[in-house]
Amino acid sequence: MELLYKNIDEPGLNTIAVYESHGGYQSLRKALAMDRADLIQELESSELRGRGGAGFSMGKKASFLPKDKMDKYLVCNADESEPGTFKDRELMQKNPHQLIEGLIIGAHAASANCAFIYIRGEYDYVADILDAAVAEARAAGYLGDNILGTDQSLSLVVHRGAGAYICGEETALLDSLEGKRGNPRLKPPFPANQGLYQGPTLINNVETLSNLSHIVRMGAKAWSELGVKNSSGTKVVSISGNVQRPGNYEIELGIKSRDLIYGLAGGPPDGREVKFWFPGGSSAPILTAEHLDLPYDFDSMAGAGSMLGSGAIIVIDDSVPVVDVALKLATFYRNESCGKCTPCREGTNWTVHMLERIDSGEATPMDLDIMASVQEHITDHCLCVLGDSMAMPISSMIKYFRPEFESHIEAARHRNDLGAPPSPHPVEAVGSAAAGPYTSVA
Amino acid sequence: MTEVRRFTHGSRIPGWDDAVDFSKDPAVVPDAATTPVPEHLRAEIEEYMARYPDFRSASIPALRAAQREHGWCSPLAIEQTACVMGLTPGYLTAVGTFYDMIETQPSGRQAIYVCTNISCSLRGGDAIYSAMLEAAADDSDLNVRHFECLGACDIAPMASVNGEYVGPLEPSDCATIIADVKAGREVLPDKQLRRRPSAHTIAKQES
Ligand SMILES: Cc1cc2nc3c(=O)[nH]c(=O)nc-3n(C[C@H](O)[C@H](O)[C@H](O)COP(=O)(O)O)c2cc1C
Ligand code: SF4
Ligand code: FES
């Protein structure tokens, strides 16, 4: 079943003429003719869950906005910086009007009159395409005052960021959009009550909003029959890493993970096996080859101790040491931590240091326990979930691959000629003045 | 024993541990009469300010415009932006230092970002980065940086060359990229992401 990716590679789909020739902006007319409460009801009963990472019901979030008359905002999260995720880029580049139409429908549901698309600064060429599409939509009367003669008005500005992963977090995004450093805010108040410029704000991912025109066109019931229970609809899945055909594939949620990784993406190169995979971007705890037969949907991934996240699968084959991936991952989160909370700022930093010691053979197996406990201290102790996003996958790697971490330390210790392994009881060793590698190697 | 670097990590504020010069007064909003600003830069920044309910939202677009003008966000670039926006240079420096694409240290005009995040490094991104550094030699006009996931893991290993996404790269492509950039040509036209059909479409055609 194709919805978002229908005709995706047709030349000129990014122009309003071709988009309208496929029935584009008809859903908008239908939605504008609907009462706001009915539209929200329709979105809720479609059971569309957010595609940006958290998977929260889109319709419910729209219903949280106060009903009073005041300036309300809709912000489209196009920051897409989660490692492994590249679906929003293709959706915006090739079918920008699908997003704009969905965004106007979303604005009508939330009765927002001022909208922004916050796109990451690196996507400059995509932002140029969006700018052109917004100008076309404005000229056609889909944006501006009294859209198609209704009382719905909407302004839309494409705002380019300047490179910071944390600006994908919704409250950091709002601060960044207000022209500040992108530090997350304390919640509550939630953006639905006090968001952009302190006004009620609805924030949704590009893919979430791109779905709205299809829900309105098909009707919530027909749409929600796609996919499986609690995971309705189609999903654009970004598959990358050690697979033969990396790329974006639109699937119905609930298909077998193996069919995705081996079927669509061709699996690892010949002679290699899947060692482990991230089911939802690098923030999702890893799963192993054992989990390949699980259906790919929100509940199954959560049931296996991971999450669907942004729907980005990164596959790692058996030629890659787990420590290499852990080090890349931790370094990324260390660099991107905004530094506001101590457990995240310090925890990401020390995790990198410990992984470097593991990689160079200076660590002891006890360091693995210390590292695991650092992850526990980060989890749930921070303002936003960036810290958890490192802690959860690192913990899962230690859980599944502890023997490999230990043998990695041993091998590196021999390779780097670091002498006898350190005492497993460092306190006694210090007491008896035994010389371990910590004092003997400069 | 490796020496543990205690204070050099993740802070996004370069020079944050430099001593503060308390003998200096904090910089105020630059005086328009004594701060010349190129007319087109002023016009561009004012156009950004008019787009938002609160003019401060234009900080990032304005800094990026100043960076295009000056090559990097030099103190002069920040002063000019501050003058047009009616903000203090300190405010804009604080904002600018947070974001990876705003260069607050002298750097080349040509931005070449090589992705070395997970998906790219699984396919040789680190080797591409070394090859790119080597190809660029020490040309001060080239700003070769390793970057976090650029959102194009489908063409891993990849790089963004002045905003144009190219991949999958071989180490031997780096010399061509650098030559193209120096000559002001289009980079690797047949490896540009924007011209690639999606994997979904290819899979459909094959089945
Ligand atoms: C560190 C961090 C980074 C995030 N990055 C993104 C992102 O790049 N794109 C995105 O849509 N959501 C991102 N999110 C999720 C958003 O906070 C938010 O949940 C989402 O935009 C809501 O939209 P949705 O309900 O449509 O999914 C991120 C969250 C965190 C904590
Ligand atoms: S958890 Fe990390 S990124 Fe999030 S607010 Fe705290 S320090 Fe910043
Ligand atoms: S990891 Fe390189 S583009 Fe995503």
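Predicted model: local features only at pLDDT ≥ 70, side-chain atom pairs only at ≥ 80, totals over all residues.
Student: With which side chain does Asp124(A) meet in a salt bridge?
Tutor: A salt bridge needs a side-chain nitrogen of Lys or Arg within 4 Å of a carboxyl oxygen of Asp or Glu. For Asp124(A) the N to O distance is 2.8 Å. The partner is Arg64(B).

Student: How many salt bridges does the count between chain B and chain A give?
Tutor: Residues are numbered from 1 along each chain as its sequence is written, and chains are lettered from A and ligands numbered from 1 in the order in which they are written. Over all chains, the whole structure holds 38 salt bridges. Between chain B and chain A the count is four.

Student: Why does the salt bridge of Glu2(A) and Lys204(B) join two chains, and where does Lys204(B) lie?
Tutor: The side chains of Glu2(A) and Lys204(B) meet at 2.9 Å, N to O. Glu2(A) lies in the segment before helix H1 (16-21) of chain A and Lys204(B) in a helix of chain B, so the pair joins two chains. The element that holds Lys204(B) is helix H8 of chain B.

Student: How many residue pairs are in polar contact across the interface of chain B and chain A?
Tutor: A polar contact is a pair of N or O atoms within 3.5 Å; within protein, one must be able to donate a hydrogen and the other to accept it, and residues adjacent in sequence count only if both atoms are side-chain atoms. Both residues must be at pLDDT 80 or more here. The number of pairs is 33.

Student: How many nonpolar residues are on the side of chain B that touches chain A?
Tutor: Ala, Val, Leu, Ile, Met, Phe, Trp, Tyr, Cys and Pro count as nonpolar, Asp, Glu, Lys and Arg as charged, and the others, Gly among them, as polar. That side has 15 polar and 15 charged residues. The nonpolar count is 26.

Student: What area is buried between chain B and chain A?
Tutor: The contact (heavy atoms within 4.5 Å) takes 56 residues from chain B and 78 residues from chain A. Buried area is the accessible area (1.4 Å probe) that two parts lose on being put together, summed over both. Carbon and sulfur atoms give 53% of the area. The total is about 5,400 Å².

Student: What ipTM does the predictor give the complex?
Tutor: Chain A has a mean pLDDT of 93, but residues 432-442 of chain A are below 50. Chain B averages 91, and its residues 1-11 stay under 50. The complex has a pTM of 0.93. Its ipTM is 0.91.

Student: What is the radius of gyration of chain A?
Tutor: Chain A has 19 helices and 11 strands. Its radius of gyration is close to the 22 Å of the globule rule for 442 residues, so it is as compact as a globular protein of that length. The radius is taken over C-alpha atoms, and the rule is 2.2 Å times the number of residues to the power 0.38. The value for chain A is 24 Å.

Student: Which residue does a cis peptide bond join to Ala156(B)?
Tutor: Omega is about -10° at this bond.

Student: What phi does Gln198(A) have?
Tutor: Gln198(A) sits in the loop between H8 and S4 of chain A. Its phi is positive although it is not a glycine. The value is about 65°.

Definitions and conventions:
Heavy atoms only, no water. pLDDT = per-residue confidence, 0-100. Helix = DSSP H or I, 4+ residues; strand = E, 2+ residues; numbered from the N terminus.
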